Amino acid sequence: MRRLLFALAIGLLMVSTYLGLTTGQIAPVQRNILYAHVPNAVCALLCFVVLLIASIGYLGNGRQGWDLVAIASAEAGFVFATILNATGMIFSRAEWNIWWTPSPRLVSSAILWFLYAVYLILRVSLPGSRHRNARICAVFGIIAFLDVPLVFISARFLPDIHRPNFSFDSGWQTAALMLGMAGTVLLAGGLIWLRTSLLHSNLKLEEELFP
Amino acid sequence: MLYLLLGFSVVWVCHFAYLLVIDRQARQLQCRLHARAKAAPADA
């Protein structure tokens, strides 16, 4: 089932890349980076939504499963946030001849990356019991989520070099972006699922070996 | 074109790097499970 999910996700991403570079090409050519940038940006934000839900769930009933989902979504979100910022910087260099500038959308996206990094550092560096650490990280996850609406609204309500949205000229361009979006969301779901089950197996083994 | 290639390369490299990390962790877990399975009959 998981293999099928990953195969489908990679297939969709390949079709999206092919469409984006052929029939759905945007002029000038460097703007086609958005076929990779936008889906990864959406997934970076979606992973934070999963992290928020899992954190609330863990604080609500203390079940370990929620905590494992929170760790998995933070890890996957960190990868997507890295891609979001890296592709954003490459696009910025190609389009505006600067790697980075302190505009609201770019700053809030950079903060998103740092928040994921801090969450992952907290997970491995906090002393004390596992339950206590999980609770602290859950509280941090909920507070850190405040950056997500900021990323979303920053370019819409504040003067920004970053466009709030993008209009397409043809259906092929919309199709390429939607296929890329579907592929990336499936990939994110698959990564969270796979990592959660790995963490669960590791935890069970540790509990057996060191009860 | 250079920046476009760079952008797409970064995406695929990051995705596959994370998949590789997960694959490595799965192999480590498999090794630990094998070691436990081998040790179990001796303990009994």
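Where chain B meets chain A, the contact draws on 17 residues from chain B and 24 residues from chain A, two residues being in contact if their C-beta atoms, placed from the backbone, lie within 7 Å. On the chain B side, 13 of the residues touching chain A are nonpolar, 3 polar and 1 charged (Ala, Val, Leu, Ile, Met, Phe, Trp, Tyr, Cys and Pro count as nonpolar, Asp, Glu, Lys and Arg as charged, the others, Gly among them, as polar). The model is a predicted one, with local features needing pLDDT of at least 70 and side-chain atom pairs pLDDT 80 or more, while totals for chains, interfaces and linings use all residues. Residues are numbered from 1 along each chain as its sequence is written, and chains are lettered from A and ligands numbered from 1 in the order in which they are written.

Then there is the nonpolar core (buried Ala, Val, Leu, Ile, Met, Phe, Trp, Tyr and Cys residues joined through C-beta atoms within 7 Å; buried is 20 or more other C-beta atoms within 10 Å of a residue's own, again placed from the backbone). The largest such core has 58 residues, and Ala44(A), Cys47(A) and Phe80(A) are among those with the most contacts inside it. H3(A) gives the largest share, 16 residues (helices are DSSP runs of H or I, at least four residues, numbered from the N terminus). Leaving aside residues up to four places away in sequence, Phe80(A) touches Asn40(A), Cys43(A), Ala44(A), Cys47(A) and Ala188(A).

Conventions: A residue is buried if 20 or more other C-beta atoms lie within 10 Å of its own, exposed if 12 or fewer, and partly exposed in between; C-beta atoms are placed from the backbone. Helices (H or I, at least four residues) and strands (E, at least two) are DSSP runs, numbered from the N terminus.
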